[in-house]
Amino acid sequence: MSEIDDLVAKIMSQMSDQAPKNTSKTRTSTPSQMATHETPLTTKDYPLYSKHPELVHSPSGSNLDDLNIDNVLKGAVKPKDLRITAETLRLQGQVAVDSGRDAIQKNFQRAAELTAIPDERLLEMYNALRPYRSTKQELLDIAKELRDQYNAKICADWFEEAAEFYETRKKLKGDN
């Protein structure tokens, strides 16, 4: 474990060395209070964690400054706090568009939608996409769930497209 602790300490040290020093008191906000950025970000705003640390938060609302080794050791940082948020993914997408990488921006949008889905359910959904695992109706039901329950329109469209594609390619459950 000592090697892991040393590695985490080194990473945290490097991150704090690269991040701009903020002399104001660290503020913890709730997810609904997180800062929004009115003007689109550009490649000059990359990387977000050092150029705009006020825009990057954990899912529980903690600031980047709160995610440090001392708080990890105290138990104040939970595994959930180390996940990326939908907001951060969308902001990264803005940077991607500015750099001419529209396809990457679409991936960020899709990933942002997926942050709302519990891990176990997400794995079930991806497993359903494997050839011969699902009927067309099962894939369409997942698309409806994504759209209605998680407001994941891009991912829902993807499942609908997969249902049509698998039907034409004979990749649905029972086709093998």
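This is a predicted model: local features need pLDDT of at least 70, side-chain atom pairs count only at pLDDT 80 or more; totals for chains, interfaces and linings use all residues.
The secondary structure of the protein chain consists of 8 helices and 0 strands, so that the order of elements from the N terminus reads α-α-α-α-α-α-α-α. Of the 176 residues in the protein chain, 31% are buried. When contacts between residues at least 6 apart in sequence are considered, 59% join residues at least 24 apart.

Two packed helices are described by the angle between their axes and the distance between the axes. For helix H6 (residues 119-128) and helix H7 (residues 136-150), the axes come within 10 Å and cross at roughly 145°; the crossing is left-handed. Helix H6 contributes Arg-121, Met-125 and Ala-128 to the contact, and helix H7 contributes Leu-139, Ile-142, Glu-145, Leu-146 and Tyr-150. These residues comprise 6 nonpolar, no polar and 2 charged.

The structure contains 3 aromatic pairs. In one of them, the ring centres of Trp-158 and Phe-159 lie 6.2 Å apart with the planes at 90°, and the pair is therefore edge-to-face. Trp-158 counts as partly exposed, at 32% relative accessibility, whereas Phe-159 counts as buried, at 4%. Ring pairs also link Trp-158 and Phe-159 with Tyr-126 into a cluster. Phe-165 and Tyr-166 form a tilted pair, with 6.3 Å from centre to centre and 55° between the planes. Phe-165 has a relative accessible area of 42% and is therefore partly exposed, while Tyr-166, at 13% relative accessibility, counts as buried.

Terms used
Residues are numbered from 1 along each chain as its sequence is written. Side-chain values use heavy atoms; hydrogens and water are left out. Axes are lines fitted to C-alpha atoms, for helices over the stretch in contact, and angles run from 0 to 180 degrees between N-to-C directions. Helices (H or I, at least four residues) and strands (E, at least two) are DSSP runs, numbered from the N terminus. A crossing is left-handed if the near helix is turned anticlockwise from the far one by less than a right angle, and right-handed if clockwise. Contact means heavy atoms within 4.5 Å. Ala, Val, Leu, Ile, Met, Phe, Trp, Tyr, Cys and Pro count as nonpolar, Asp, Glu, Lys and Arg as charged, and the others, Gly among them, as polar. Buried means under 20% relative accessible area, exposed over 50%, partly exposed in between (1.4 Å probe, protein chains only). Rings of Phe, Tyr and Trp (its six-membered ring) pair if their centres lie within 6.5 Å; planes under 30 degrees apart count as stacked, over 60 as edge-to-face and the rest as tilted.
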